[in-house]
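Hi everyone, thanks for making the time.

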Amino acid sequence: DMGICCIDEFDKMEEADRTAIHEVMEQQTVSIAKAGVTTTLNARTSILAAANPLFGRYNKRYSPAENINLPAALLSRFDLLFLLLDTAHMENDTALARHITHVHRFARHPALDFTPIQPSLLRAYISQARRVEPTIP
């Protein structure tokens, strides 16, 4: 209750799991039946889900529901949808492939040419962002 649920590969969930999560998103409760005991718990949580396009590439001619192959009723339960599109770029793709192969070959990251964000700063940013209550005029 009042937490965050992160789901990767949302598009590959079994239909039974999709049905269950739809109930949770709609009613903000989850029903549990274990060892003869049935109860309903609050499930007021934020859900962050990631999904891949149906055929490996996003087709801009189709809607997000058609690209991700998820029911519109389920997608409508999300307040926000963000599309992160990977456009083919030879130089960037080559650099990414080099990085991945370096990590696999040497079991460590190569030297960075920038200073990464400290985890404590990122946690503080997220903490502040959670306090914002946006309104739509």
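I'll go through contacts between side chains, then the cysteines, a hairpin, the surface and a few backbone angles. Please keep in mind that this is a predicted model.

Let's begin with aromatic rings. How many aromatic pairs does a search of the whole structure find? The search finds 1. The partners are Phe-10 and Phe-78, with ring centres 5.7 Å apart. Their planes stand at 85°, so this pair counts as edge-to-face. Now look at where the two rings come from. Phe-10 sits in the loop between strand E1, residues 4-7, and helix H1, residues 15-27. Phe-78 belongs to the loop between helix H3, residues 72-75, and helix H4, residues 90-106. The two are 68 residues apart in sequence, so the pair ties together parts that are separated along the chain. And are these residues buried or exposed? Both Phe-10 and Phe-78 are buried.

Next, the charged side chains. The count of salt bridges comes to 4, and I'll show you some of them. One of them joins Glu-26 to Arg-77, with nitrogen and oxygen 2.7 Å apart. Glu-26 is in helix H1, while Arg-77 is in the loop between H3 and H4, so this contact ties together parts that are 51 residues apart in sequence.

Elsewhere, salt bridges that share partners link Glu-9, Asp-11 and Lys-12 into one network. Lys-12 meets Glu-9 at 2.8 Å, N to O, and Lys-12 also meets Asp-11 at 3.0 Å. Glu-9 is partly exposed, at 32%, whereas Asp-11 is buried, with a relative accessible area of 14%.

On to the cysteines. How many disulfides does the structure hold? The answer is 0. Take Cys-5 and ask which cysteine sulfur is closest to its own. That sulfur is in Cys-6, 6.8 Å away, which is too far for a bond. For comparison, the cut-off for a disulfide is a sulfur pair within 2.5 Å. As for accessibility, Cys-5 is partly exposed at 29%, and Cys-6 is exposed at 56%.

Now please find the hairpin. Strand E2, residues 29-34, and strand E3, residues 37-42, run antiparallel and are joined by 6 bridges. If you want a landmark there, Ile-32 stands opposite Thr-39 in E3. The hairpin has 2 residues between its strands, and Ala-35 takes a positive phi near 50°.

That brings me to backbone angles. As a reminder, most residues other than glycine have a negative phi. Gln-28 has a positive phi, near 55°. Gln-28 is found in the loop between H1 and E2 and is partly exposed, with a relative accessible area of 42%. Asn-69, which is not a glycine either, has a positive phi of about 60°. You'll find Asn-69 in the loop between helix H2, residues 64-68, and H3. Asn-69 is partly exposed too, at 45% relative accessibility.

Which residues make the nonpolar patch of about 560 Å²? They are Ile-117, Leu-121, Leu-122, Tyr-125 and Ile-126. Within that group, Tyr-125 lies in helix H5, residues 119-130. Tyr-125 is exposed, with a relative accessible area of 60%.

One last stop, to give you a sense of distance. Arg-98 lies in helix H4 and is exposed at 59% relative accessibility. Where is Ser-31 relative to Arg-98? The two are 67 residues apart along the chain, and their C-alpha atoms are separated by 47 Å.

To recap the contacts, the Phe-10 and Phe-78 rings tie together parts 68 residues apart in sequence, and Glu-26 with Arg-77 ties together parts 51 residues apart.

Note on methods:
Residues are numbered from 1 along each chain as its sequence is written. This is a predicted model: local features need pLDDT of at least 70, side-chain atom pairs count only at pLDDT 80 or more; totals for chains, interfaces and linings use all residues. Side-chain values use heavy atoms; hydrogens and water are left out. Rings of Phe, Tyr and Trp (its six-membered ring) pair if their centres lie within 6.5 Å; planes under 30 degrees apart count as stacked, over 60 as edge-to-face and the rest as tilted. Helices (H or I, at least four residues) and strands (E, at least two) are DSSP runs, numbered from the N terminus. Buried means under 20% relative accessible area, exposed over 50%, partly exposed in between (1.4 Å probe, protein chains only). Two strands pair if DSSP finds at least two bridges between them. Patches are made of residues with over 30% relative accessible area and no salt bridge: like charges are joined within 9 Å, nonpolar side chains (Val, Leu, Ile, Met, Phe, Trp, Tyr) within 5 Å. Accessible areas come from the Shrake-Rupley method with a 1.4 Å probe; for residues, only the protein chains shown count as cover.
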